[in-house]
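Me: I would like to work through the structure below, one question at a time. Please show how each answer is reached.

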Amino acid sequence: MFSKNNLASKDSFLKSEFFSCLLPALAVVIFISTVSAFSQDQPILAPVQPTVKLGSAEFIGQDGLTIDRLIETGASRRGDLLAARQRLAIAQGRLQQAGLRPNPTLDTEYGSPRFLGGEAESEFSVGATQVFELGGKRKQRVAVAELELQQARFEVAALERQFASGIRTAYARAVSAARQLDVIEKLLAADAELVRVTEARLKEGDVAPLDANLVRVESDRLRVQQIEARSQLEIALLEIRTLAGLDVTEPLRLAPQTERPPRLDLGLSELTAIALRERADLQAALIGERLGMARINLAKSQATPNVAGSVRYSRNKQIIDFPPAIGGNTINRDNELTFGVSIDIPIFNRNQGEIAQASSGQVQAVRQREFLEAIIKRDVAVAYWEYRAAAEKLVLYATQILPRSEANLQTVRSAYGLGEFSVFEVVNEQRRLNENVTGYNQTLRDYYTALAQLEAALGIAIPPTAFSDDSSSVLPEKEIVPQQIEKEKFLKSFYEKKPESADVKNAVTPKNKRNQEKK
């Protein structure tokens, strides 16, 4: 959805390479901060990177469902979508019915007095009547039915657009929850090493019991966050199951996303023009205006009376009583063929009420279309500015906040190794880095959610021309952010012994303060 190559087929929320490099590095930073103060003759404190089995692996994997598959599955299984598509079949039936002509009427009669004990006389007739519609009624009915069918198609398309947007938004929340769970579990694994090291120092008498309690509380706090993150992931997956028409107990795995967030190059005016041109609900509203005029024309045509033509054949059998002197009873048989025409005279009812109703409906359709255009402009603007805000926050997190937060933790770690800071400062810096990583994760979620909302506001998938080329992303290149380097090199750098940095030398610690006072 959001990359230059095959954007229309992916329709997926992407994941930054920077974030994938940051998670293991974060765990190593926290762990190394606890062990750098000890000498090499203490094997219990040897710097071993803990192996973490991520809980998100149960829900995120290469064999998981992509957004396209989720949308395809939901489109074939969602009950409300299947019901909405029946509106098309209903409209097709109305169109077929609108083009049919009135059926002729056939009637026949037979009567005889002998049924009541009378003479054997009889009367038989058979006739046919055909109504001829005048005023173009059939043509106007067909026009109304065709517009109703077109409107139904756009309304179903708008419903499918909302469904796809809901899937994308829920997918963004699920991926964000899985990413947050990974962060917490990596921090928890590193914090377990911090607890182990602190307890070892407590046995050696190097730290106070308060320090051990601090790291235990921090570890328990991370466990609470782990439970919360897993719960959010389960809820997000449950929402995806519901949106995709899956059973709530059916297992679900999502495909991971590893690409960098793309940069949107279209401006607000261009995006608004696309939305006003492509939104299915706006197209349905425009057809609603035409439908209103068609209903007015139909109501006016119905004011024209129809003509009914008829033809009838009659045969009468009569018995005439004559005196015997002149021949007695005589049977007389008469055959008769009659033609007729009937027409209503529109003196009182000229369909004034239906015409007024159709006219009001057409005005209503115009007002609804005008209001919908304003709503579309607002939706595009809101989604666009949310995207802009999320993109700017992403850049700040990637280039300023996270690198500096990592540097601060390294500085405090080095000072702690020199005995200048307590474990309290290390825990505080760890907590700040955790908060910053969480903020980055939430901002990344907001970024992809804003793109999903922007697609929903446009009514179509964001066109490939809306994004910059493949090499460009909303995040800066690796050369711009020193911490954004290869994963192996990044991890290796923390195990290498580094000289004391200028930040540590110049840090305002109790020891430095005493030295400055002596000087």
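Me: Does Ala98 count as buried or exposed?
Reply: This is a predicted model, in which local features need pLDDT of at least 70, side-chain atom pairs count only at pLDDT 80 or more, and totals for chains, interfaces and linings use all residues. Residues are numbered from 1 along each chain as its sequence is written, and side-chain values use heavy atoms, with hydrogens and water left out. Buried means under 20% relative accessible area, exposed over 50%, and partly exposed in between, with a 1.4 Å probe and protein chains only. Ala98 has 8% relative accessibility, so Ala98 counts as buried.

Me: In which helix is Ala98 found?
Reply: Helices are DSSP runs of H or I with at least four residues, strands are runs of E with at least two, and both are numbered from the N terminus. The run of residues 79–98 is helix α4. Ala98 therefore belongs to a helix by this definition, and that helix is α4.

Me: How far apart in space are Ala98 and Ala145, C-alpha to C-alpha?
Reply: Along the sequence, Ala98 and Ala145 are 47 residues apart. In space, the distance from C-alpha to C-alpha is 6.7 Å.

Me: What is the relative direction of α4 and α5?
Reply: Axes are lines fitted to C-alpha atoms, for helices over the stretch in contact, and angles run from 0 to 180 degrees between N-to-C directions. Helix α4 and helix α5 (residues 137–204) pack with axes 8 Å apart, at an angle of about 170°. Angles under 35 degrees count as roughly parallel, over 145 as roughly antiparallel, 65 to 115 as roughly perpendicular and the rest as oblique. The two helices α4 and α5 are therefore roughly antiparallel.

Me: How many charged residues does the contact of α4 with α5 have?
Reply: Ala, Val, Leu, Ile, Met, Phe, Trp, Tyr, Cys and Pro count as nonpolar, Asp, Glu, Lys and Arg as charged, and the others, Gly among them, as polar. In the contact of α4 with α5 there are 13 nonpolar residues and one polar residue. The number of charged residues is eleven.

Me: What is the relative direction of α5 and α10?
Reply: The axes of α5 and helix α10 (residues 423–458) come within 9 Å and cross at roughly 170°. That angle makes α5 and α10 roughly antiparallel.

Me: How many nonpolar residues are in the contact of α5 with α10?
Reply: This contact of α5 with α10 has ten polar and seven charged residues. Its nonpolar residues number twelve.

Me: What type of aromatic pair do Tyr387 and Tyr447 form?
Reply: Rings of Phe, Tyr and Trp (its six-membered ring) pair if their centres lie within 6.5 Å; planes under 30 degrees apart count as stacked, over 60 as edge-to-face and the rest as tilted. Tyr387 is in helix α9 (residues 352–417) and Tyr447 is in helix α10, 60 residues apart. Their rings are 5.2 Å centre to centre, with 45° between the planes, and the pair is tilted.

Me: Which residues make up the cluster that ring pairs link?
Reply: Tyr447 also pairs with Tyr448: the centres are 5.3 Å apart and the planes stand at 80°, so this pair is edge-to-face. Tyr387 is buried at 3% relative accessible area, Tyr447 is buried at 0%, and Tyr448 is buried at 3%. The cluster consists of Tyr387, Tyr447 and Tyr448.

Me: What is the order of the strands in the open sheet of four strands?
Reply: Two strands pair if DSSP finds at least two bridges between them. Seven bridges join β2 to β3, eleven join β3 (residues 122–132) to β4 (residues 307–320), and 14 join β4 to β5 (residues 330–343). The pairing in this sheet is antiparallel, and the order is β2-β3-β4-β5.

Me: Which are the edge strands of this sheet?
Reply: An edge strand here pairs on one side only. The edge strands are β2 (105–111) and β5.

Me: Is Pro209 buried or exposed?
Reply: Pro209 lies in helix α6 (residues 209–243). Its relative accessible area is 53%, so Pro209 is exposed.
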